[in-house]
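This report looks at a set of chains shown together, first through one residue and then through whole-chain values. Please keep the sequence and the coordinates at hand while reading.

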Amino acid sequence: MTDLDPDLARDGPELTGEELHRRLTLAWRRPAGLYGWLSSTDHKEIGKRYIVTAFGFLLLAGVLGLVMRAQLARPESGLISADRYNQIFTMHGTTMMFLFAVPVMEAVAIYVIPLMLGTRNTAFTRLNAFSYWMYLFGGIMLWVAFALNVGPDAGWFAYTPLSGPEFSPGKRVDIWAQMITFTEVSGLAAAVVMATTILKQRAPGMTLAKMPLFAWSMLVVALMIIFALPAVALDSGMLISDRLVGTHFFNPYERGDALLWQHLFWFFGHPEVYIIFLPATGFISEMVATFSRRPVFAYPAVVMSLIATGLLAFGLWVHHMFATGLPRLGYAFYTAASMTVAIPTGIQIFCWIATIWLGRPVYRVPMLWVLGFIITFVIGGLTGVMLASVPLDLQLHDTYFVVAHFHYVLIGGAVFPLLGATTYWFSKFTGRLMSEAWGKVAFALVFCGFHLTFFPMHITGMLGMPRRVYTYPAGMGWDTLNLISSIGAVILAAGFATFVVNALVSMRHGRVAGANPWSAPGLEWATTSPPPVYNFPHIPAVASRTPLWDEGEDLPVMTGLRVDEREHLTTTVIEAIPSVREPSPHPSLWPLMSAIAIGVTFVASIFTPWALVVGLVPSAIALLIWFWPKNSTVPPEPTIE
Amino acid sequence: MKRLALLVALLAPLFALTGCHGQQAVLGGGGRDEALFGGLWQVFLIVTIVFYLVVLAGLTWAVLRRREGGEPVVRTTFYVWVGVISLTLIGLSIASWLVDRTMNRAPYTGLTVEITGHQWWWDVRYISPGHPDQTLRTSNELHLPVGVPVQVILKSADVIHSFWIPNLSGKQDLIPGRNNDIVVTPTKVGIYRSQCAEYCGLQHAHMAFDVTVEPLSTFQQWWGDGLLPARVPATPEQKAGYAYVTTRECATCHNITGTPATGQVAPDLTHFASRATIGAGTFPMNRGHLYAWLADPQQAKPGNKMPVIGLEPDQLHAVAAYLESLK
Amino acid sequence: MSSPCRASLLALALLAGGCDQMRNDPRGHPLPEAPPLVSTVLSPLKADPRSEGYQNNAYQVSNGQLYFHWMNCTGCHSEGGGGIGPSLMDVNWRYGSTMEDIVQSISNGRPNGMPGFGGKMTAAQIWQTAAYVRSLSQHVPQSIRSGRSEGLSVAEPSTLRDPKPYRAVTPKQDEATVK
């Protein structure tokens, strides 16, 4: 290494091809073996772990959903006891919302965004790793508790006073509340990483106006996470404090307020659903553009819609509280705001349909998911408009109509795009394509199963069936509809199973994909599938929104980054003018160690407040070692006199 | 493939137009608010179906027939679209607000019912202003005079519950520390079912009650009968049951007016046998279910606050006989 | 034992077998229902197999809290601090502090004014109330104690207090302590 010509320390016209690849790999690879795996800061590895873990939680929570449907298939069924059912529906909601829906979006972003932006890694790579470990530990804690019959049973929203110390005895709700803290910290860390990467590490020439729409949606979402998640962290902290320390935040008899919980929770909870939905719109934008073979129609309108949705989402939360007896004039405001948020979404739908209309669409499996999304999500959005109206909501709130609504928007609006995006970027993750035929089968099963399961719930709700009931009396007119829903659930599960098996089999035996199997325009397709550990041999430069369509094989690149030291390029926020070469952290075990220390502190603090004090010590030590400034291992490159 | 999907999607909303009537259904019921609700619902339903069909039509058009280079047309359509959905949403908001305002302008004629929600039963008190001796206490049932607006005051003894008679009006939560209220004006005679609509713990699924809407004279008769103390036991078996109920575990929690049983923490049993259900909607009121409930209340409603007493068979017969006599 | 040590042992216990602590078993543990023990004060009570199940389960203790209020124990004992009746939160026990002793106190009553609830409460209810009474002086595991009740605040939360030692006293000694 030391006998290399110092002029060849940076990539450039002289240093290219095989030699460049060898030296970049040397600089960017992580140590082999378990130590390397645990200390990895490679965003692709972290992203893949996140996706696999999130899908694992999806399957676990999905099985719980199947069990619920088995119980509700018949009236007065004795299959599941009341206590077990209450734990199951709480775990289903909690896992889906906190351990699947948001993390999976972050996961795909962590993998795809740096490639899409043309950089070598995310910002704050160790914080990225830390975010994953915190997420994993929180999820494990929750599911281990559930397996030990200590799972929470107060609903995923855990309203006080039901979740308070008197009516939820024991540790069940404490574990739930502390899981929130884990996913909080994880989500905030990932949001900071995402926002910084998108704002500061784009390819030269990729101004904000030329940034891919998925990157825009992740930018908005990252900022939303930073503003919304602290509300629920505060809420759950106050709940733990009430339960363990004896404070009275939610105790009306000591000047607290039971409704305070709901306000803080829904102040987070409503932006949360847009945090889940907006990345999905990003997926759709990318797939629609690729498979319509033209850029999305009215890019500025879509961007403004994303931003408008992100802002408006914070002003809607009281629509979850229309039955609580707050002043009615205030309610009218929230009705209007909830209706208003449909406008940007409507704009996006129009733009996608217009893109298809103006383009030359090709109906590969990802495009089928796009169509399924439009057909399904719009129903959910329209029932949402119904629920925004106070008189309608006062009848439909807390009935199966709402269950139908949110499954339409969450599954139709987030899971369908996710499955499409997984298929779309699968070749980039693994180097192989998923089977088209089995993908179509999976789509058909999921689509039909989904509608069969959830459409009847609109009617069940209008016939008066409330939510969160472990059984229902016969003869109310709900029997057949519930049975249909349960049958649909089996079909839906078969569809998901087909998708997962397709993915697993295709990883080994799928058709080998080249760099750009879909002829897509984005920068992530400019590198091999899967990408090398350093992403791009030279940092690409862009001049349009669809670089690979406009430049094709002659993608301009910017050279000059060091090859024997981890380095990426930082650019300015708006114009993406290159500014500095930034060192990228080496693999480190200390994010994992810090996550363990902090995680143990959090878990132990459920049992004694002393844990916070005692746990501060190992946490501080781990963080200190993590942040301790390190000297460069390679001598500084010579400067020109 | 796509066409089939589109066809399914097109037909599916028609499903929603089928009648949604029933004992606990939201449409077609018997409340003053119901007409308003039904009208607003139809407006929203039609508007949303129309918009959905427009979106589907656009998608179908885009999938089946497309033209390249039609950007100006699309741009114009875009502005029209944004304008149309904005105006429609404004219209829907205003319609919703007007209906809400009208619903909340019900006149109050002096009939007040105070309902306290417990885990998992309903404590009902009919208040006659100025006549405290006319206060009627009952549990897990509601009788309402047709055509008379009733103010229902909602309190909670423990966690958040929700009062909801779908056929008559929307819901309102019972929140500890807050006194919410709702005005219900039934317009059609009938028997409706109500169910708690906010998750309140283990037996949230079994917290319901029956609502009987009847003519004013019948209602007043019912109220008067309800103020009478419990019937005196007649047969020896009933007397044995009376002896057990008033001296053993039952009296600690339940109240039977006119007897030594004066517990306040469980449903009032003074006119128990006149109710339609046992256990807040868990069982219909009949002999078989009464025996089942008394022998093992934890079987049908596990976790509810009535313990298994462990009655011997003859005690069971006696207690059941006595309770059946409490009309 | 220091708090962190106790905490980690608690955590291990919870993981290993503590699931029983959180079980919501409405039928009481263990089955079946049976009348409480009856015995005089002087002869030693045999250990009852039910006592572990009731005092080590959060659901049973919380039910006991419910009955403590419903049966108007608060009328004499207030929220545990005592009034007409002796304090249930301190170190003094007139008639024994074991579950069996407390069950007998509630069931049969005691001299000096404690009424008997034997025929007025079921056995399960009495055991649950006894478990709650023991929790008032922190003799049940910390992980199943309640921090506070949903009502007026009466004392430092149970989860933050240490178990009180046991001191057998006569009624006269107990009253002398209070005065």
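Does C:Gln65 count as buried or exposed, and at what relative accessibility? The model is predicted, and in it C:Gln65 has 5% relative accessibility, so it counts as buried, the cut-off for that class being under 20% relative accessible area.

**The setting of C:Gln65**

C:Gln65 belongs to helix H3 of chain C, which covers residues 58–70. For C:Gln65 and C:Ile102, which are 37 residues apart in sequence, the C-alpha to C-alpha distance is 15 Å.

| Property | Chain A | Chain B |
|---|---|---|
| Secondary structure | 19 helices, six strands | nine helices, twelve strands |
| Span of the C-alpha trace along the principal axes | about 85 × 60 × 50 Å | about 95 × 50 × 35 Å |
| Residues that count as buried | 67% of 641 residues | 58% of 327 residues |
| Accessible surface | about 20600 Å² | about 13300 Å² |
| Part from carbon and sulfur atoms | 70% | 62% |

Chain A, with its 19 helices and six strands, has a radius of gyration of 25 Å, close to the 26 Å that the globule rule gives for 641 residues, and is therefore as compact as a globular protein of that length. Among the contacts in chain A with a separation of 6 or more, 80% are made by residues 24 or more positions apart. The charged side chains of chain A comprise 37 positive and 38 negative ones, and the centres of these two sets lie 5 Å apart.

Chain B, for which nine helices and twelve strands are assigned, has a radius of gyration of 26 Å, well over the 20 Å given by the globule rule for 327 residues, so chain B is more spread out than a compact globule. In chain B, residues 24 or more positions apart account for 63% of the contacts with a separation of 6 or more. Its 24 positive and 23 negative side chains form two sets whose centres lie 11 Å apart.

**The domains of chain B**

Chain B is divided into domain 1, residues 12–104, domain 2, residues 111–226, and domain 3, residues 236–324. Between domain 2 of chain B and domain 3 of chain B, the C-alpha centres are 22 Å apart, and the contact between these two domains takes 17 residues from domain 2 and 21 residues from domain 3.

Note on methods:
Residues numbered from 1 in each chain as written. Chains lettered and ligands numbered in written order. Heavy atoms only, no water. Helix = DSSP H or I, 4+ residues; strand = E, 2+ residues; numbered from the N terminus. Rg over C-alpha atoms; globule rule 2.2 N^0.38 Å. Buried < 20%, exposed > 50% of the residue type's maximum accessible area, 1.4 Å probe, protein only. Contact = heavy atoms within 4.5 Å. Areas by Shrake-Rupley, 256 points an atom, 1.4 Å probe, with all protein chains shown as cover. Lys, Arg positive; Asp, Glu negative; His and termini not counted. Charge placed at Lys NZ, Arg CZ, Asp CG, Glu CD. Domains from an automatic or database assignment.
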